[in-house]
Amino acid sequence: MNETLSELAERLGPDNVLRDDRIPAAFRRDLLTSVRGLAVPAEGWTPAAVVSPGSTEEVAEVLRAVGSAGGRVVCRGGGTGIMGSAAPPDGWVVLDLSRLDAIDIDATSRRARVGAGARIAAVEAKADDKGLVLGHDPWTFEIATVGGAVATDGLGYLGARYGSLGDRVIGVTAVLADGTVVTKRPAVKASVGFDLSAWVIGTEGTLAVATELVLDLRERPEARRLRGYSFATLEAAFTATCRIAEVDPALLELSVSSPGAGSIWPFADELVDRPTLFVGVDGVIDVVKGQLEAIRQRAAEHGAEILPGAAVEAFWRDRHAVVERYRKDDDGMTEAERRAGDVAFDFVHAAIPRDAVVPFHGEARRILERRRVTMIELGVWVAPELVSIVFAKRADRAAIAAATDELIRLVHGLDGSMEYCHGVGRRLAHLLDDEHGDALAAYVRVKRALDPRGVLPSLGEWV
Ligand SMILES: Cc1cc2nc3c(=O)[nH]c(=O)nc-3n(C[C@H](O)[C@H](O)[C@H](O)COP(=O)(O)OP(=O)(O)OC[C@H]3O[C@@H](n4cnc5c(N)ncnc54)[C@H](O)[C@@H]3O)c2cc1C
């Protein structure tokens with residue numbers, strides 16, 4: 001492997017193959033940390049090298065060379081993933097895709113042809129210059145890359161109208177583990193059968209490395225309006241949320257904080273006094289006006305109080321601020337880890353049938369109380385079916401890990417899916433069998449056919 005890496009350094013340039021103490025601390029892990037109940041070494045792992053190719057051909061060359069030397073490769077975009085799937089196991093090569101950051105917007109066809117390492121924020125800025133919008137607005141907007149967001153099939157604040165990033169992919173160039181370059185021509189609707197984009201959307205870099213994506217853009221909305229409401233009870237707030245979802249908003253976010261959460265939660269400034277719903281609409285101005293009126297009526301039917309404009313503006317202005325807490329300092333540590341101190345916490349982001357949401361909240365509360373874990377909040381994001389529960393406990397990571405597993409098994413019992421936007425990675429790998437059943441064996445067959453040497457990781461490999 002040493003010889004292979006030296007040859008790659010000659011081909012790609014010494015600054016594009018970093019080894020030993022030239023490897024920046026941030027590349028030793030992603031943003032999965034041990035506060036979430038899994039043993040993650042604070043300093044991360046020790047990759048053999050961080051290799052940064054500058055073209056699809058160079059990606060192919062790296063995969064061929066490392067694969068032939070018996071090495072293994074993990075893809076990395078912005079490193080903001082929170083499941084550990086961009087973290088390198090010891091001795092693996094980190095394939096840093098950040099140099100593949102070209103962005104070409106074609107206003108006529110309304111398409112963006114982008115390198116996998118392009119940052120979401122940069123694509124959005126260039127689309128805006130041409131009067132277009134991508135509409136993918138995750139909390140990590142400034143740092144996450146298109147490749148990472150496609151590989152986790154990420155969702156953003158505007159997902160109710162603009163879908164997940166995977167929904168916006170119409171063309172792909174990818175490299176298979178043996179270095180074969182494959183392309184799916186860009187078309188908003190493909191012909192029958194086999195679709196290469198399925199190999200890169202939501203597969204966490206296990207089947208192929210995306211190097212270039214063609215994304216479907218939309219017209220910049222004539223108007224975007226936000227409203228905020230508070231409700232007396234979770235039931236009223238959730239019923240209103242379901243009715244408002246029928247109005248086709250762009251943004252939907254319901255938060256319900258638990259009594260007493262502030263006593264343990266290191267980020268108590270995020271908690272709300274009453275169930276709080278933010279709704280956003282955007283698009284053609286006359287349509288937006290009609291939507292706003294329908295939303296007002298539906299909220300009022302469930303006893304909503306209107307939040308002041310300043311609160312709504314602050315929600316929108318500060319929606320990405322939390323990510324600052326996750327920027328790594330020179331020691332590879334984040335402010336979130338330092339603030340959490342001995343508080344361990346985790347969250348379950350599940351997709352469940354909408355009629356199960358309120359009962360799920362009650363059952364989750366009972367499970368957490370039995371385990372003496374504090375429920376911090378329930379969230380509903382993008383669609384009534386997409387639910388999150390955040391919970392915390394002081395100085396007891398094992399209790400957090402056990403609570404996560406029990407809540408996810410509850411989700412599976414409801415015919416739900418355990419994650420809707422972050423991927424599975426190391427954090428949830430042990431629950432893949434429970435999630436997929438027999439389908440997991442079919443994935444393994446596809447994986448073996450595409451990557452017989454196992455150059456790229458497998459889903460669940462870290463169990
Ligand atoms: C505070 C915080 C808030 C977050 N909020 C959101 C949110 O609102 N919505 C959301 O969806 N996510 C969110 N995330 C999770 C994370 O930001 C997203 O998953 C993001 O899209 C990952 O992009 P990345 O470029 O950082 O990918 P990375 O973390 O670098 O990688 C993620 C996965 O993609 C794979 N990968 C990366 N590039 C490629 C490629 N070119 N080809 C194949 N595989 C590749 C990696 O191997 C890894 O499995 C949040 C994370 C944090 C820390």
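Biologist: Which residue in β10 stands opposite G115?

Modeller: E212 stands opposite G115. Strands here are DSSP runs (E, at least two residues), as are helices (H or I, at least four), all numbered from the N terminus. Two strands pair if DSSP finds at least two bridges between them. β6 spans residues 111-115, and β6 pairs with β10 in the antiparallel sense over 5 bridges.

Biologist: What should I know about the model and its numbering?

Modeller: Residues are numbered from 1 along each chain as its sequence is written. The model is predicted: local features need pLDDT of at least 70, side-chain atom pairs count only at pLDDT 80 or more, and totals for chains, interfaces and linings use all residues.

Biologist: What is the strand order in the open sheet?

Modeller: Read β5-β6-β10-β8-β9, with antiparallel pairing, 5 strands in an open sheet. β5 (103-106) and β9 (181-184) are the edge strands, and each pairs on one side only. Neighbouring strands of this sheet are turned by 10 degrees against each other on average, direction ignored.

Biologist: Which helix lies across β5 and β6?

Modeller: α3, residues 120-129. This helix runs at about 30 degrees to β5. Axes are lines fitted to C-alpha atoms, for helices over the stretch in contact; angles run from 0 to 180 degrees between N-to-C directions. Contact means that the C-beta atoms of two residues, placed from the backbone, lie within 7 Å.

Biologist: How many residues surround the ligand?

Modeller: The shell holds 39 residues (C-beta atom, placed from the backbone, within 6 Å of the molecule). G77, G81, G147, G148 and G154 are the closest. At least two shell residues come from each of β3 (73-76), α4 (146-151) and β10 (209-216). α4 gives the largest share, 4 residues.

Biologist: How many of the shell residues are nonpolar, polar or charged?

Modeller: There are 20 nonpolar, 16 polar and 3 charged residues around the ligand. Ala, Val, Leu, Ile, Met, Phe, Trp, Tyr, Cys and Pro count as nonpolar; Asp, Glu, Lys and Arg as charged; the others, Gly among them, as polar.

Biologist: Where are the domain bounds?

Modeller: Domain 1 is 2-96, domain 2 is 103-219 and domain 3 is 223-413. Such bounds come from an automatic or database domain assignment. Over C-alpha atoms, the centres of domain 1 and domain 2 are 22 Å apart.

Biologist: How many residues of domain 1 and domain 2 are in contact?

Modeller: 15 residues of domain 1 meet 21 residues of domain 2. On the domain 1 side, α2 (56-68) and β3 each supply at least two residues.
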